[in-house]
Amino acid sequence: MVALDFKELNHMPDGLLERPASALYQQIDGPTLIHLEGQNKCPLVVSVLQHGNEVTGWEAVRRLLKNHYPNYELPRSLVILIGNPQAAKHRLRRLDDQPDFNRCWPGGNEVDSAYTRLFRQVHDRFRELKPLAVIDIHNNTGLNPHYAAINLIRPDYLRLAALFSSKVVYFTMPAGTLSLSMAQYCPSLTLECGQAGEIHGTDHTLSYLETCLHLDEISSNPVNAEAVHLFHMVATVYVNDGVLFGFGRVPADLALRQDLDRFNFCELPAGTSFGDLNSLSKQPLVAVNPDGADVTADYFFFGQGQVETTREIMPSMLTQDRRVIQQDCLCYLMDRIHFEFDEAVTGPDQLPEGINRSDRPGAPTL
Ligand SMILES: [Zn+2]
């Protein structure tokens, strides 16, 4: 098996900041760590382009360094991981012969490979750096608000996430993500910055990184539960195999609402219609909880020519991209977590009341 390597640089290569994600491969051919020194030596780790078509992170880093710190006089050291310049060249999440990079970090389910070994090395490097925080930047499809996802419910993690958005998602599945692998060592986030290429996504991410670079520390004092809305995944929803589906007025078995992705991050009342059923020969949707159990009947009712929700629920990652729906899923369902911190809840393993260790939230695309 081929050995894979990541490169480490202690400077920004000349000309790299001039390149869009799709041209990075001309200067760096694989995963690369770039260390830039700032006044505070405890670094902020920022990961971009683990998925080659999710360019917002790189766009934000480029603008941050070109316009705000042309001489790299950063308030805090910055370590940038550029994940997959080869996939970025082709504007793809990953190449056909590559695994999903954000499933290859320690603790994941990927079989041992050159990639899992490579990301184990990068992970160990991050741990040596003892960073202030690790921020892994992504995009998604569909109309989703910007939000941060955390993997441990602690005040400092919530505080860092809430600086990006008042909506915060908690997940422990899928395994093998960068933020999950680092969560027990430092505040660690996955940022979802809307769709790739949206200028306000880059603006928001840029100003967030600027804020993080100026933080002296991340307080562990309890956060205001009113100001942070925390959700966790309870199910993944698929279109059932063999069911013909479309959007709007189409003669398919399942005609989903044209504007379905407007439901993302909306708390929908029971009885909300996802679309029309033109055929009931097969159950149109399947909802699966993180343990793999079929929980469709807990969330959907199929009758009277409609797909309706049976309880209050909040979807996310709804998309109208048929390829994403077929390869990944239609959406995730989320429940609100009501959290309260007392003095004691600061340890890495403690969860607030109401969250059981058996709750294993499901999988954002991340
Ligand atoms: Zn991603």
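**Close-up views of a predicted model**

View 1. You will find Cys331 in strand β17, which covers residues 331-337. Apart from neighbours within four places in sequence, the residues in contact with Cys331 are Val237, Pro315, Ser316, Met317 and Leu318. Look for Ala235 as well: 96 residues separate Ala235 from Cys331 in sequence, yet their C-alpha atoms are 8.7 Å apart in space.

**View 2. Strand β5 is largely enclosed by the rest of the structure.** Start with residues 133-138, which make up β5: 6 of the 6 are buried, and this is why the strand counts as largely enclosed. Follow the side chains along β5 and you will see Ala133, Ile135 and Ile137 pointing one way, with Val134, Asp136 and His138 pointing the other. Both sets are buried.

**View 3. Strand β5 pairs with β3 and with β8.** As a reminder, strands of a sheet pair through backbone hydrogen bonds, either parallel or antiparallel. Strand β3 (residues 38-48) pairs with β5 in the parallel sense, over 4 bridges. To find your place there, look for Val46, whose bridge partner in β5 is Ile135. Strand β8 (residues 188-192) also pairs with β5 in the parallel sense, here over 5 bridges. In this pairing, His138 stands opposite Glu192 of β8.

View 4. Buried residues of α1 are Thr56, Gly57, Trp58, Glu59, Ala60, Val61, Arg62, Leu64 and Leu65. Among the elements covering them are β3, β4 (74-82), β5 and α6 (199-214).

**View 5. Five strands form an open sheet with mixed pairing.** Reading across the sheet, the order is β10-β11-β12-β15-β14. The edge strands are β10 (245-247) and β14 (300-303), each pairing on one side only. From one strand to the next, the twist averages 25°. Within the sheet, β11 (residues 254-256) and β12 (residues 273-277) pair in the antiparallel sense over 3 bridges. A handy pair to look for is Ala255 and Asp276, with Ala255 standing opposite Asp276 in β12.

Conventions: Residues numbered from 1 in each chain as written. Predicted model: local features only at pLDDT ≥ 70, side-chain atom pairs only at ≥ 80, totals over all residues. Buried ≥ 20, exposed ≤ 12 C-beta atoms within 10 Å, placed from the backbone. Helix = DSSP H or I, 4+ residues; strand = E, 2+ residues; numbered from the N terminus. Pairing = 2+ DSSP bridges. Axes fitted to C-alpha atoms, helices over the stretch in contact; angles between N-to-C directions. Contact = placed C-beta atoms within 7 Å.
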